Amino acid sequence: MKTIEQLLESKSIRVTAMRMLIYKFLAENRVAATLSDIENAFDKADRTTLYRTIKTFEEKAIVHKIDDGTGITKYALCEKDCNCEIETDLHLHFHCTNCNKTVCLTENKIPQIKVPDGFVSENVNLVVKGICDKCSGQ
Ligand SMILES: [Zn+2]
Ligand SMILES: [Zn+2]
Ligand SMILES: [Zn+2]
């Protein structure tokens with residue numbers, strides 16, 4: 001197991017206390033977080049710093065953005081060795097229509113999608129909608 005420091009360093013991100021805390025917060029959360037979730041968790045922190053940290057994490061493939069169709073962008077940690085490449089790294093997400101939570105389905109990679117000649121895929125977003133384990137009571 002790599003420590004958070006080692007992990008950030010391996011992605012050439014300078015280690016700061018804030019970055020470590022945000023990483024830890026996302027790692028402990030099974031559910032994808034919105035920016036306001038992160039803001040609420042660190043209500044004493046400077047917002048600009050929070051946004052910048054998430055942006056840096058996103059650029060370095062530490063977190064990925066999730067568009068679950070609710071119109072609010074969510075963020076979740078990437079798996080290790082993720083480069084956020086469509087063909088190899090992207091996975092499906094599950095959105096619970098009852099509690100509005102979204103989780104990564106990392107076992108389910110995005111299948112190969114053939115686009116017509118001349119089309120260039122930049123992002124794929126596949127969301128399964130339904131009821132999560134907590135809401136279904138199972
Ligand atoms: Zn990723
Ligand atoms: Zn639910
Ligand atoms: Zn995900």
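The zinc ion (ligand 3) is held by His64 (NE2), His91 (NE2), His93 (NE2) and Cys104 (SG) at 2.0 to 2.2 Å, where donors are N, O and S atoms within 2.8 Å of the metal (3.2 Å for Na, K and Ca) and water is not among the atoms, so sites may look incomplete. The model is predicted: local features need pLDDT of at least 70 and side-chain atom pairs count only at pLDDT 80 or more, whereas totals for chains, interfaces and linings use all residues. Residues are numbered from 1 along each chain as its sequence is written, chains are lettered from A and ligands numbered from 1 in the order in which they are written, and side-chain values use heavy atoms, with hydrogens and water left out.

**Zinc sites**

The four donor atoms around the zinc ion (ligand 3) subtend angles of 105 to 115°, which makes the arrangement tetrahedral; four donors count as tetrahedral if all angles lie between 85 and 135 degrees. The ideal angle at a metal with four tetrahedral donors is 109.5 degrees. His64 in strand S2 (residues 63–67) and Cys104 in strand S5 (residues 102–109) are 40 residues apart, and this pair links distant parts of the chain. Helices (H or I, at least four residues) and strands (E, at least two) are DSSP runs, numbered from the N terminus. His64 is buried at 8% relative accessibility, while Cys104, at 24%, is partly exposed; buried means under 20% relative accessible area, exposed over 50%, and partly exposed in between (1.4 Å probe, protein chains only).

The zinc ion (ligand 2) is coordinated by Cys96 (SG), Cys99 (SG), Cys132 (SG) and Cys135 (SG). Its four donor atoms subtend angles of 103 to 113°, so this arrangement is tetrahedral. Cys96 lies in strand S4 (residues 91–96) and Cys135 in helix H5 (residues 133–136), so the pair ties together parts that are 39 residues apart in sequence. Cys96 is buried, with a relative accessible area of 0%, whereas Cys135 is partly exposed at 28%.

Cys78 and Cys82 are both buried.

| Site | Donor distance | Spacing of donors |
|---|---|---|
| Zinc ion (ligand 2) | 2.2 to 2.3 Å | C-x2-C-x32-C-x2-C |
| Zinc ion (ligand 3) | 2.0 to 2.2 Å | H-x26-H-x1-H-x10-C |

**Overall fold**

The chain contains five helices and six strands, which run α-α-β-α-α-β-β-β-β-β-α from the N terminus on. Its radius of gyration is 16 Å, close to the 14 Å that the globule rule gives for 138 residues, so the chain is as compact as a globular protein of that length. The radius of gyration is taken over C-alpha atoms, and the globule rule is 2.2 Å times the number of residues to the power 0.38. Along the principal axes, the C-alpha atoms fill a box of roughly 45 × 40 × 30 Å. Of the 138 residues, 36% are buried. Among contacts with a separation of 6 or more, 51% join residues 24 or more positions apart, contact meaning heavy atoms within 4.5 Å.

**Nonpolar cores**

The largest nonpolar core has 19 residues, of which Ile22, Tyr23, Leu26, Ile38, Phe57 and Ile62 touch the most other members. Such a core is a set of buried Ala, Val, Leu, Ile, Met, Phe, Trp, Tyr and Cys residues joined through side-chain atoms within 4.5 Å. Helix H1 (4–10), helix H2 (17–28), helix H4 (47–59) and strand S3 (73–77) each supply at least two residues of this core, and H2 gives the largest share, five residues. A second, separate core of five residues includes Leu90, Leu92, Ile110 and Val124.

Beyond its neighbours within four places in sequence, Leu26 is in contact with Ala33, Ile38, Ile54, Val63, Tyr75 and Leu77.

**Two further residues**

Val128 lies in strand S6 (residues 127–130) and is partly exposed, at 31% relative accessible area.

Asn83 is found in the loop between S3 and S4 and is exposed, at 52% relative accessibility. Leaving aside neighbours within four places in sequence, Asn83 is in contact with Ala61 and Asp89. Asn83 and Glu59 are 24 residues apart in sequence, with their C-alpha atoms 9.6 Å apart in space.

Technical notes. Tetrahedral: all angles 85-135°; square planar, octahedral: opposite > 155°, others 65-115°.
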